[in-house]
Structures are given as C-alpha cells and as structure tokens.
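Please work through the following exercises with the sequence and the coordinates open beside you. Each one sets a task and then gives a solution in steps.

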Amino acid sequence: MMIKQLDTALSKVNKRVGVNVKTPKVTKLKLKYSRYFTTAVGVGGLTLGIIGPSKSLLVLGTIGILSTVATTNEIRKI
C-alpha cells in the first residue's frame, strides 16, 4: 500500500534528521472524505477549464480526477 510505504519513508527521514513528526492515521472514512473533495474540485476544474479560457483549471481538474482514482484504489487496499 502506497500510504504505508510513504509513512515508513517519512519515519526513516525523521530519525535521520532527529525530528519527531507523527503522521495522521489514515482510515477509510478519511480517505472517502478526501475522495469526495477531490472529485468536487476535479469536476469543477474540468468544467471551468472547458467552458472558460483557463487551461490551468483544466489541468488542475484533471489532476483532481486522477487523485480521486488513486484514492479509490487506496480505499480498496485497506
């Protein structure tokens, strides 16, 4: 799982630097809220990017949708 790999890597860096930073615990509920938020941002960005002249919103909307897909895959792994 990608989240556990990231947590392990951050723990190693924290030990080397001598910093005690605790990462928040990831739960299905938190990931679902994140998925809802990134879906809304992604769809909004895509819509405004297609309708308006802003291509940066189109790119941000696409990134939001890709984030939603990645979050959905992580939810399935938990």
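Predicted model: local features only at pLDDT ≥ 70, side-chain atom pairs only at ≥ 80, totals over all residues.

**Exercise 1. Determine how helix α2 and helix α3 are oriented relative to each other, and describe their contact.**

Solution. Begin with the two elements themselves, helix α2 covering residues 28-51 and helix α3 covering residues 55-77, whose axes come within 7 Å and cross at roughly 155 degrees. Next, compare this angle with the cut-off, under which angles over 145 degrees count as roughly antiparallel; α2 is therefore roughly antiparallel to α3. Finally, sort the residues of the contact between α2 and α3 by class, which gives 10 nonpolar, 13 polar and five charged residues.

**Exercise 2. Find which residues UniProt lists as "transmembrane region", and describe that span in the model.**

Solution. The UniProt record, an unreviewed entry, lists residues 33-51 under this name. Turning to the model, one finds that residues 33-51 are 100% helix and 0% strand, and that the end C-alpha atoms of the span lie 27 Å apart.

**Exercise 3. Decide whether Asn14 is buried or exposed, and name the residues that it touches beyond its sequence neighbours.**

Solution. Locate Asn14 first, which is found in helix α1, residues 2-17. Its relative accessible area is 17%, and since buried means under 20%, Asn14 is classed as buried. When residues up to four places away in sequence are left out of the count, Asn14 touches Val19 and Val21.

**Exercise 4. Classify Lys4, Lys12 and Thr27 by accessibility, and compare sequence separation with C-alpha distance for a pair involving each.**

Solution. Lys4 lies in helix α1 and has a relative accessibility of 56%, so that it counts as exposed. Lys4 and Val26 are 22 residues apart in sequence, while their C-alpha atoms are 9.4 Å apart in space.

Lys12 also has its place in helix α1, and with a relative accessible area of 53% Lys12 is exposed. For Lys12 and Ser56 the separation is 44 residues in sequence and 36 Å from C-alpha to C-alpha.

Thr27, by contrast, is found in the loop between α1 and α2, and at 33% relative accessibility Thr27 counts as partly exposed, because that class lies between the cut-offs of 20% and 50%. Thr27 and Ile51 are 24 residues apart in sequence, and their C-alpha atoms are 36 Å apart in space.

Methods:
Residues numbered from 1 in each chain as written. Heavy atoms only, no water. UniProt positions renumbered as here; feature names shortened; annotations may be inferred. Helix = DSSP H or I, 4+ residues; strand = E, 2+ residues; numbered from the N terminus. Axes fitted to C-alpha atoms, helices over the stretch in contact; angles between N-to-C directions. Parallel < 35°, antiparallel > 145°, perpendicular 65-115°, else oblique. Nonpolar A, V, L, I, M, F, W, Y, C, P; charged D, E, K, R; others polar. Buried < 20%, exposed > 50% of the residue type's maximum accessible area, 1.4 Å probe, protein only. Contact = heavy atoms within 4.5 Å.
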